[in-house]
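Here is a friendly note to read alongside the model. Please keep the structure open as you go through the points.

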Amino acid sequence: SNPISGSLPTFVSFYKSLGYESFAVHPYLSAFYRRDTKYPLIGFDATYFSDEIIELNDTGKLLVTSSGRQISDDSFIDCIEYYIDSFDDESSVFAFGISMENHQPYETKYSDEERTITVENDNIDEGTMSSVQNFTQGVANADAALGKLVEYIDAREKDTILVYFGDHLPTLGLENSNLSNRYLFQTEYVIWDNM
C-alpha cells in the first residue's frame, strides 16, 4: 500500500470544496499511524486526539471518563458535540470520529464494577467467556453512546446526517481463524438524519 504523502481527494476535501469546516476526533495517541500528520493531508482543518480530549477535562470544559482502559464512548460523543457546538449556526461542518472504548484486547478490559452485562454459556472456557463479556459490555456502551448522539442530532435545528460504521470488526475469536484480513473490514453501517 502507498502511504499518504501529499494532499489527495477524499470525502473530507470534497465537502471542504463545498464550504464545509472539518474536524476529526480520535481518543487515542495522535502519532499512532501518524494520524497527526496524515489527517490534515486528507482535508481535516482540525484534529483532536487523546491529549486534546484530556485537556478539555483538565480545563473543566468537559468531564472526560475512562471505560475499559480507554476514553469512554460516552465522553467521545461529548467531545464530538462540544466541537460541533463550537461552530456558529451558519457553518456547515464535516465531523469524523473514531472511538476507542471497545477496541481489543478484551481480556480483563472492564473491572467487575464497570461490567453491567452478563453473558452465560457453559460451552465457553472461562478465559474466552471473560473476553466475550467484556466485548459485549463494550457493545452495550457503544449502543448507549450512539443513542446519545442520535438524541443530539434530533434536537438540532440544523439539518444533520450521521453515518455510523466500524472501521474494522473485532478480532475476538479470529486469532486462530483462517479468515482473511478483508473480512475484518466488511462492516455494517447506520445512516440517520434529523430532516
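**Notes on the fold**

1. Three strands make up an open sheet, ordered β2-β1-β5, with parallel pairing. Strands here are DSSP E runs of at least two residues, and helices are H or I runs of at least four, numbered from the N terminus; two strands pair if DSSP finds at least two bridges between them. Because β2 (46–48) and β5 (93–97) stand at the edges with a single partner strand each, one side of each has no neighbour in the sheet.

2. This is a predicted model, where local features need pLDDT of at least 70 and side-chain atom pairs count only at pLDDT 80 or more, while totals for chains, interfaces and linings use all residues. Residues are numbered from 1 along each chain as its sequence is written, and side-chain values use heavy atoms, leaving out hydrogens and water.

3. Look next at β1 (residues 21–25), which is joined to β2 by 3 bridges.

4. The largest nonpolar core has 20 residues, and V25, I53, C79, Y83, L149 and L162 touch the most other members. Such a core is a set of buried Ala, Val, Leu, Ile, Met, Phe, Trp, Tyr and Cys residues joined through side-chain atoms within 4.5 Å, buried meaning under 20% relative accessible area with a 1.4 Å probe, protein chains only. Another core, of 8 residues, lies apart from it and includes V12 and F94.

5. Finally, helix α5 (residues 126–155) has 30 residues, so at 1.5 Å a residue it should span 44 Å, in agreement with its end C-alpha atoms being 44 Å apart. The expected span is 1.5 Å times one less than the number of residues.

Technical notes
Buried means under 20% relative accessible area, exposed over 50%, partly exposed in between (1.4 Å probe, protein chains only).
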